[in-house]
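I would ask you to keep the structure in view while I speak.

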Amino acid sequence: MSLEVDIVKRFRGFTLDVAFEAGDETLGFLGASGCGKSLTLRCIAGIERPDEGRIVVGDRVFFDSEQGIDLTPQERKTALLFQSYMLFPNMTVEQNVAAGIGREVPKAERAAIVAAELRRFGLEGFEGRYPAQLSGGQQQRVALARMLAARPGILMLDEPFSALDAHLKGVLEQNLVSLFDAYQGTILYVSHDIDEALRFCDRIAVVEAGRIMEVGTGRELVDSPRSTAGLKLSGCKNATPAAYVDEGHVWLPKWGVTAACPGSVPRDVLTFGVRARYVERAEGPGPNCFQVRVDRVSDARFERTVLLGFVDRDEREAPTVERTDDEMKYLHQHLFWRVGLEGAEGALPEVGDVLWVRLPEERIYLVTR
């Protein structure tokens, strides 16, 4: 199965303008809330109508504005799973699973399909229960069984874990493994969680303000992001505006410092990035070594996050913003540093410490869009 999408949908103050192709794979859509991820899926499913463009699944045209084609959601036979699962409360588990199967399917075949999907997702014995009598995990499995029972041309999942706690999320993710193993075709997966997208998706599309900024494998996004949005969504805490100085240096206005960069700096450089875990403690001055002050620390289970203010920042070009004036600007002028807690007793940075850190040139990202 293949998917081709090239659509535009306009709202007041926002325009969705996306074009992409997918094959027999899981394609993730990664982006912040309101960027157009879910809207794209709703357009494919027929819940929303694009203003212009074309949507083709396999050899079937779902939508074509020029030819006047716009199939109904029922005609498209897609499966879209929301985080709420949207089970029919007045139907039993068995009836819910059967709800997506076409009326043209003979009764005996219909029953066999339902039984097979109930067995696949460990729901045997729950056939007569209603959604209100099920746990959240059981409801999710019913929703997944219903998706496969419908034999859809494309599967779409819209942040199915966003409302779950970490433990339950880990358990229920295994249900998706069963779903993906059983389905041969195109799967679209919406998420705002990079780790979740990496676990499930063959490729990831980075979405920002209604547009796809880049598409690549998970490793490409983590190791070689090509856009500011991709850099930030890949988990890079230190993504700061940059300006060209010369072929080997960039000016970082929010930090008030100049940094050395590997290779040749592009003249249209837009953003500089370095991951918080790659910041190194230094002994003193040197290439990309900066004197910093520890302004804030916070501990998680295995690491300490440290906010570092640059002591030698250029106040003429980048005046310091105090926390009491603007919290966000205050945070953006800091370098984030992550230090492992294990084995670091007595050496952990504390608020008020003044020390030297290094930004390894080989760990630096530069993006131009």
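This is a predicted model: local features need pLDDT of at least 70, side-chain atom pairs count only at pLDDT 80 or more; totals for chains, interfaces and linings use all residues.

I turn to the overall picture. The protein contains 10 helices and 22 strands. Its C-alpha trace spans about 80 × 50 × 35 Å along the principal axes. Of the 369 residues, 48% are buried. The accessible surface comes to about 18200 Å², and carbon and sulfur atoms account for 48% of that area. Among contacts with a separation of 6 or more, 66% are between residues 24 or more positions apart.

Next, the largest pocket. Its volume is about 730 Å³. There are 22 residues in its lining, and those closest to the centre are Pro73, Thr78, Ala79, Leu80 and Gly100. Which elements supply at least two residues each to this lining? They are helix 2, residues 73-76, strand 7, residues 78-81, and helix 5, residues 136-149. Strand 7 gives the largest share, with 4 residues.

Let us now consider helix 1, which covers residues 37-45. How many of its 9 residues are buried? The number is 7, so the helix is described as mostly covered. The buried residues are Lys37, Leu39, Thr40, Leu41, Cys43, Ile44 and Ala45. Just after helix 1 comes Gly46, with a positive phi of about 95°.

Is Glu66 buried or exposed? Its relative accessibility is 77%, and because the cut-off for exposed is over 50%, Glu66 counts as exposed. Arg54 is 12 residues from Glu66 along the chain, and their C-alpha atoms are separated by 8.4 Å.

Then we have Thr305, which belongs to strand 19, residues 303-310. Thr305 has a relative accessible area of 18%, and it counts as buried because that value falls under 20%. Setting aside residues up to four places away in sequence, Thr305 touches Arg296, Val297 and Ser298, as well as Phe336, Trp337 and Arg338.

Pro241 is located in strand 12, residues 238-241. With a relative accessibility of 31%, Pro241 counts as partly exposed. Beyond its neighbours within four places in sequence, Pro241 is in contact with Trp251, Leu252, Pro253, Lys254 and Leu270. The C-alpha atoms of Pro241 and Asp353 are separated by 26 Å, and these two residues are 112 residues apart along the chain.

Finally, Met91 sits in the loop between strand 7 and helix 3, the latter being residues 93-98. Why is Met91 classed as partly exposed? Its relative accessible area is 26%, which lies between the cut-offs of 20% and 50%. Apart from neighbours within four places in sequence, Met91 is in contact with Asn96, Ala99, Arg129, Tyr130 and Pro131. Met91 and Leu331 are 240 residues apart in sequence, and the distance between their C-alpha atoms is 51 Å.

Thank you for your attention.

Terms used:
Residues are numbered from 1 along each chain as its sequence is written. Side-chain values use heavy atoms; hydrogens and water are left out. Buried means under 20% relative accessible area, exposed over 50%, partly exposed in between (1.4 Å probe, protein chains only). Contact means heavy atoms within 4.5 Å. Accessible areas come from the Shrake-Rupley method with a 1.4 Å probe; for residues, only the protein chains shown count as cover. On a 1 Å grid over the protein atoms alone, a cavity is a set of points where a 1.4 Å probe fits but cannot get out, and a pocket is an open set with protein on both sides within 12 Å along at least five of seven lines; lining residues have an atom within 4 Å of a point. Grid points are joined across faces, edges and corners, and a volume is the space filled by probe spheres set on the points.
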